[in-house]
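Trainee: Could you take one part of this model and go through it closely with me? I would like to see where it sits, what it touches, and then how other parts are put together.

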Amino acid sequence: MLESLLQSSYFALFLIVALGFILGRINFKGISLDVSAVIFIALLFGHFGVVIPKELGNFGLVLFIFTIGIQAGPGFFDSFRSKGKMLIFLTFLIIGSACLTALLFKYVLGIEIPGVVGLIAGALTSTPGLAAAIDSTSSSYASIAYGIAYPFGVIGVILFVKLLPKILNIDLKKEEQRLEQLQYDKHPELHTASFRVTNANIAGKSLLQLQVRTMTGAVISRVKHEEVTEMPSPQTVLNQGDLIKAVGTQDALRQLELLVGMRIQEDLPLATSYELQSLLLTKKEIIGKTIGSLNLQEAFGCTVTRVRRSGIDLTPDPGLVLKFGDKLRIVGHQDNLKAVASLLGNDEKRLSDTDFFPIAMGIVLGVLVGKISISFSGSFTFSPGLTGGVLITALLLSFIGKTGPVIWSMSGSANQLLRQLGLLLFLAEVGTSAGVNLVSTFQESGWVLFIVGVAITLVPMLLSAFIGYFVLKINIFDLLGTITGGMTSTPGLAAADSMTDNDAPSVAYATVYPIAMVFLILFIQIIALVF
């Protein structure tokens with residue numbers, strides 16, 4: 001009965017997933033495999049003839065890669081600008097050292113070139129690399145070598161990612177906190193303070209004339225004149241003795257103190273008809289617009305005092321581009337705040353809803369991009385492939401954010417669910433496919449090629465980890481993402497992703513993966529042509 005049930009791919013799939021989760025929760029000296037354990041169970045099932053259909057694996061792959069791209073998109077371009085050269089250098093180091101290791105064994109052991117390029121593609125688990133190897137050599141030996149190196153190419157990266165923090169004696173939780181603090185330092189916490197206008201040079205001038213926000217970076221939210229507290233407008237005139245309340249960073253508030261006068265310990269409550277509310281941006285028409293373009297002060301008599309995004313308070317500069325899910329702290333008259341809430345959407349339910357059209361359309365576009373083939377001088381052809389096409393498309397769509405009525409984003413919970421579902425399908429299919437001919441391939445071709453494949457997998461990771469961490473001083477999360485991206489290892493990224501709530505590994509992976517794919521295909525074709 002069990003044998004017949006295992007012939008059902010759905011039963012086998014969920015049995016592999018369930019057993020994988022049981023194995024993944026086993027903790028040995030602080031190390032556990034987490035979701036990556038699914039591939040080890042899948043390898044075992046594959047050895048005994050259980051196969052998960054390739055279509056299910058591809059379905060899982062596009063879901064996983066698309067959700068990674070959507071999440072990483074907003075940070076991808078910032079990461080590329082700030083760390084691009086360093087990450088590209090590490091990627092070049094990974095691919096270059098893998099190829100040099102393979103060529104060294106070619107001369108030591110006399111391995112034929114089709115076997116060399118096949119081992120490189122297998123050790124770096126790259127299907128586009130295999131296609132380039134077969135196309136360049138026209139030999140089936142490349143496929144055999146690929147099949148021998150591939151299993152450890154998958155398993156080796158997962159184990160390396162899991163062990164690296166322990167080897168380097170890094171506490172991932174403490175490292176997360178350190179990086180979060182650095183992120184907060186980039187966006188200093190906002191504070192409120194009250195001041196008395198004592199500077200005679202500004203008395204009698206309006207806020208528009210003084211350009212307070214431009215001069216200091218602070219936002220004046222209230223002005224008290226002759227016992228009347230009101231919300232300011234650009235035409236509000238400051239007089240000596242007036243009290244003002246402002247929001248800004250500590251530095252901005254110090255600049256404001258120099259401009260207007262002394263800081264005081266007094267609150268400035270508004271009249272009962274005025275309120276301070278937090279309103280959510282959920283309306284499609286407003287996404288992508290700047291705060292200044294909404295003209296809330298003139299149209300509604302309301303002032304934005306701060307914008308909260310992804311747990312960070314941002315200064316509400318007129319040029320700040322608003323994104324879906326931003327929480328705006330706004331002060332204004334009760335009736336006007338209702339109108340502003342209607343303008344922004346302020347619908348919490350929209351944050352948890354998942355619109356499947358952008359997901360489906362995004363994946364369709366990604367698959368089409370993956371089919372594009374670019375030829376250079378007739379000797380080098382590059383195609384992004386399924387993984388590259390979906391990843392590049394998701395990154396671009398996430399960065400664009402909105403096209404007409406379509407919002408290229410999804411809620412955090414939806415992203416997490418679809419990502420893990422896709423990952424489980426992919427790992428189960430990859431594992432069973434690699435496990436089917438694992439033993440027979442070794443028996444046919446011997447262990448020599450397998451050991452060479454192990455070296456091609458390990459040498460680039462060890463070299464890049466040493467140089468990246470000790471020489472370039474890259475933080476562990478960027479390093480893990482760069483190594484998995486440089487090794488073109490989606491299962492490796494899954495292992496890194498399961499170790500932290502920080503999205504740095506995903507952003508680094510997304511930054512280097514397309515570059516690694518181009519380098520690998522180019523190097524394989526050069527080796528096949530020159531050697």
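Mentor: Let's begin with Gly-345, which is partly exposed at a relative accessible area of 27%. On this scale buried means under 20% relative accessible area, exposed means over 50%, and partly exposed is in between, using a 1.4 Å probe and protein chains only. This is a predicted model, in which local features need pLDDT of at least 70 and side-chain atom pairs count only at pLDDT 80 or more, while totals for chains, interfaces and linings use all residues. Residues are numbered from 1 along each chain as its sequence is written, and side-chain values use heavy atoms, with hydrogens and water left out.

You will find Gly-345 in the loop between helix H14 (334-344) and helix H15 (348-352). The names come from DSSP runs numbered from the N terminus: helices are H or I runs of at least four residues, and strands are E runs of at least two. Leaving aside neighbours within four places in sequence, Gly-345 is in contact with Leu-280, Thr-282 and Lys-283, where contact means heavy atoms within 4.5 Å. Gly-345 and Lys-284 are 61 residues apart in sequence, and their C-alpha atoms are 8.4 Å apart in space.

Ala-455 belongs to helix H20 (residues 448-471) and is buried, with a relative accessible area of 15%. Not counting residues up to four places away in sequence, Ala-455 touches Thr-101, Phe-105 and Pro-460. The C-alpha atoms of Ala-455 and Gly-153 are separated by 9.9 Å, although these residues are 302 residues apart along the chain.

Ser-97 is found in helix H4 (residues 54-109), and at 9% relative accessibility Ser-97 counts as buried. Apart from neighbours within four places in sequence, Ser-97 is in contact with Pro-460 and Leu-463. By contrast, 63 Å separates the C-alpha atoms of Ser-97 and Pro-232, which are 135 residues apart along the chain.

Next comes the sheet. It is an open sheet of five strands in the order E4-E3-E6-E1-E7, with antiparallel pairing. Its edge strands are E4 and strand E7 (263-264), each pairing on one side only. Two strands pair if DSSP finds at least two bridges between them.

Strand E3 (residues 219-225) has six of its seven residues buried, so the rest of the structure largely encloses it. On one side, E3 pairs with strand E6 (residues 243-248) in the antiparallel sense over five bridges, and Ile-220 stands opposite Ala-246 in E6. E3 also pairs with strand E4 (residues 228-230), again antiparallel, over three bridges. Here Lys-224 faces Thr-229 in E4, and His-225 faces Val-228. The hairpin of E3 and E4 has two residues between the strands, and Glu-226 takes a positive phi near 50° there.

Helix H11 (residues 250-260) lies across strand E1 (191-196), E6 and E7, running at about 10° to E1. For angles like this one, axes are lines fitted to C-alpha atoms, for helices over the stretch in contact, and angles run from 0 to 180 degrees between N-to-C directions.

Finally, follow helix H18 (residues 412-436), which packs with helix H3 (residues 37-47) at an angle of about 40°, their axes 7 Å apart. That makes H3 oblique to H18; angles under 35 degrees count as roughly parallel, over 145 as roughly antiparallel, 65 to 115 as roughly perpendicular, and the rest as oblique. H3 passes H18 in a right-handed crossing. A crossing is right-handed if the near helix is turned clockwise from the far one by less than a right angle, and left-handed if anticlockwise. Residues of H3 in this contact include Val-38, Leu-43 and Phe-45, and those of H18 include Leu-424, Val-430 and Gly-431. By class, the contact has eleven nonpolar, five polar and no charged residues. Ala, Val, Leu, Ile, Met, Phe, Trp, Tyr, Cys and Pro count as nonpolar, Asp, Glu, Lys and Arg as charged, and the others, Gly among them, as polar.

H18 also meets helix H22 (residues 490-497): their axes come within 11 Å and cross at roughly 135°. That makes H18 oblique to H22, and H18 passes H22 in a left-handed crossing. Arg-419, Leu-423, Phe-426 and Leu-427 in H18 meet Thr-490, Pro-491, Ala-494 and Asp-497 in H22. These residues divide into five nonpolar, one polar and two charged.
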